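Look at the model first, then read on.

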Amino acid sequence: MKHQRCTRRTPRAGLLAAGLLALSWRQATARDVQVAYIPCGQVNDGSWSEAGYDGMKQAKAALAGVGIDMKLEYSENLSPSQAETAARDYASRGFQTVVLHCGTFADAAYNAGKSFPKTNFLIVVAPRSVGNVWTYIPAMQDISFVAGYLAAKVSKVSAVGVVASFNFSNVTWQAEGFRLGARYANPAIQTFETFINSFDDAGKAKEAAQAEIDSGADVIYSATDQASRGIYAATAAAGDYAIASYTDQNSLAPKTVLASATADIPLLVRTVVVGSVEDKLEPGKPYSVGMAGGIGALTLNEALAKQLPAAVASDVMALIGKIRSGEMRIPAISTPGGYKDVDLSALAPH
Amino acid sequence: MTPSAMLSLLFWVPLLGAGVRIATPLLFAGLGEVVAERAGLLNVGIEGMMALGAFAGFALAVGTGDPWLGLLGGALAGLLAGLLFGWLTVLRGADQIVTGVAMNILALGTASLAYQMRFGSSRDVPELPALAALRLPWLSTLPVIGRPFFGQTSIVYLGYLLIPLVWLLVERTRWGLHVRAAGGNPEALDSAGVSVWRVRLQAIAFGGALAGLGGATLSVAQVGAYVDGMIGGRGFIALAVTVFGGWRAGRVAAACLLFGMADALQLRLQLVGTAVPAGLLVGLPYLLTVAVVTIGAGRGGYPAAINQPYLRRRARRPARAHPANAPAGALQATHQEIKP
């Protein structure tokens, strides 16, 4: 009987030892990291928040390649105060990195950063990187400048407009970058700018675009998230062009969206998240990346682009080349109407 | 565009048209709230009901290819949400404010969840051609007001029709008398043998249906797409216009137009380059909301039994609901006591 018992126990003990060995080997070769994502809107908004979420997934895949298992959680549609509560909650639960992918969450990031020094907070478009808080900035004014240049080139009435979500930081850079690009293409052009104070209110975005169309504009640039659907409805009804931003939205309204001023937000988010998890972010350094760093491209709607003069496309491509090479530097303008004060000759010769 | 452009009709005529468009979803929701509040039900959950209507209407319009079926579906979704609100507040006696807040959370969350399940990503939300404008013969050629008021889509004209219809329904029909009694003096209505519960449930179903139609108007008829969060506070503005309009259909319609005009004006003032900061201009409709609610609060005049559950299990029925069987002067008192 004893012998029999021994033979029964031996396989169990072996299995236990093997299990412990496997566990200790895994602990030696891999580590788990918890990372949270708090965007402005929803991770499936087809625009800003989804682009950031794509970057989070890319970071997870990249880290898996070096043996790091990144656990990803997210919280959607939060107000700035709710975002701070969520950020603090994640930090208190031991999350290594909390990504706040909304410019209005800057205070939330700085406040939570002071309370939880062991957690890294990544905040998009904020004034500075300090301590355990890093800001990452997609310099959207670059590609918006190109969008404005294209809009001015295709406008038949020398009037174009931009409908933007909020008058703050990178959204204003976008709107003013667009107006500056239009002015660069045609110094006499009339440009309009409307803020709707919403990322989602498609009805208001439609009326804002309609107001610009009523004022004479025939190309409207979207600097909003999901609300852009309202802009496309207005331009489609008027037979005008729209230019999308952040992601390729040409197929959403193929009869009116002439091009999408895309930003490789996923690349930027992936870079900073991987850097944070691997403790490779430089203290105090803001990570600002524009077209020269691979953030920003123009995707033309081929069906509509065929109707444009060949010179327009070639001029736009030449401009993109100048900005990517660093020959042209587009300023970040934070004041509505500030585009008028920029010395065009200081940008670069045509 | 310069501020001098404001001196031209080319500035004001399109602005008036935009004001009418912006006012239309508010009008539906506001007229529905008139009926609900006159019956004694303060429906704070309009925002959520509009969101449900916007999603259900859009999904049905995409599925069937018929925008009118979509609008009908939006109204139906609002009606069901209204009945849920009614079940909780009328039959279960729950507090109307708390229930309304809970309804907002529930309905907004349901719409959001259904949206994610149906479409996954906004990239997959198809484009639905918005309703085309229908210029009414002769009327649309009237100077100044012709195009803004009569060069709109059919859904706007449905809104115009509802203004006198709701007025007639509430002020000039027997059912309207019951509705006013349910909100002004439910005991008298009960004494007359009419079920307060039934009247209130009918009123909130009507109000919910119109809130749903208001949401569907936005997604199906105006934008041609559903976007999560697109209601953008319109439900709360509808609550404010109901108070500002003194619970009268015509005045509520005028209040909706005022809000629509204010919103259209702020969008255009941003273009003419006034010295007023854009942030302040964008807040104009909301500042107006605060102002009118303050004015409305000062005037009083809420239906006497609003937010008061009528918990009598069954209405005591006389042999027949004949005036002779009702307590002396019950219905006559109702006529006098409810707000004119």
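## Interface size

Buried area is the accessible area, taken with a 1.4 Å probe, that two parts lose on being put together, summed over both. The model is predicted. In it, chain A and chain B bury about 2,900 Å² between them. Carbon and sulfur atoms account for 48% of that area.

Chain A gives 35 residues to the contact, and chain B gives 34 residues. On the chain A side, K204(A), E207(A) and R229(A) lose the most area to chain B. Together they make up 22% of what that side buries.

## Polar links and make-up

Four salt bridges cross the interface of chain A and chain B. One is between the side chains of D214(A) and R268(B), at 2.8 Å from N to O. Nine residue pairs across the interface are in polar contact.

Four elements of chain A each give two or more residues to the side that touches chain B: α2 (48-64), β7 (190-195), α7 (202-214) and α8 (228-238). The largest share, ten residues, comes from α7(A). By class, this side of chain A has ten nonpolar, twelve polar and 13 charged residues.

## Cysteines

The whole structure holds one disulfide over all chains. It joins C40(A) to C102(A), with S to S at 2.1 Å. The S-S torsion is about 105 degrees, so the disulfide is right-handed.

C40(A) lies in the loop between β1 (31-39) and α2 of chain A, and C102(A) in the loop between β3 (97-101) and α4 (106-115) of chain A, so the pair ties together parts 62 residues apart in sequence. Both C40(A) and C102(A) are buried. In chain B, C256(B) is buried, with a relative accessible area of 1%.

Key: Residues numbered from 1 in each chain as written. Chains lettered and ligands numbered in written order. Predicted model: local features only at pLDDT ≥ 70, side-chain atom pairs only at ≥ 80, totals over all residues. Heavy atoms only, no water. Contact = heavy atoms within 4.5 Å. Polar contact = N/O pair within 3.5 Å; in protein donor to acceptor, adjacent residues only side chain to side chain. Nonpolar A, V, L, I, M, F, W, Y, C, P; charged D, E, K, R; others polar. Disulfide = S-S within 2.5 Å. Buried < 20%, exposed > 50% of the residue type's maximum accessible area, 1.4 Å probe, protein only.
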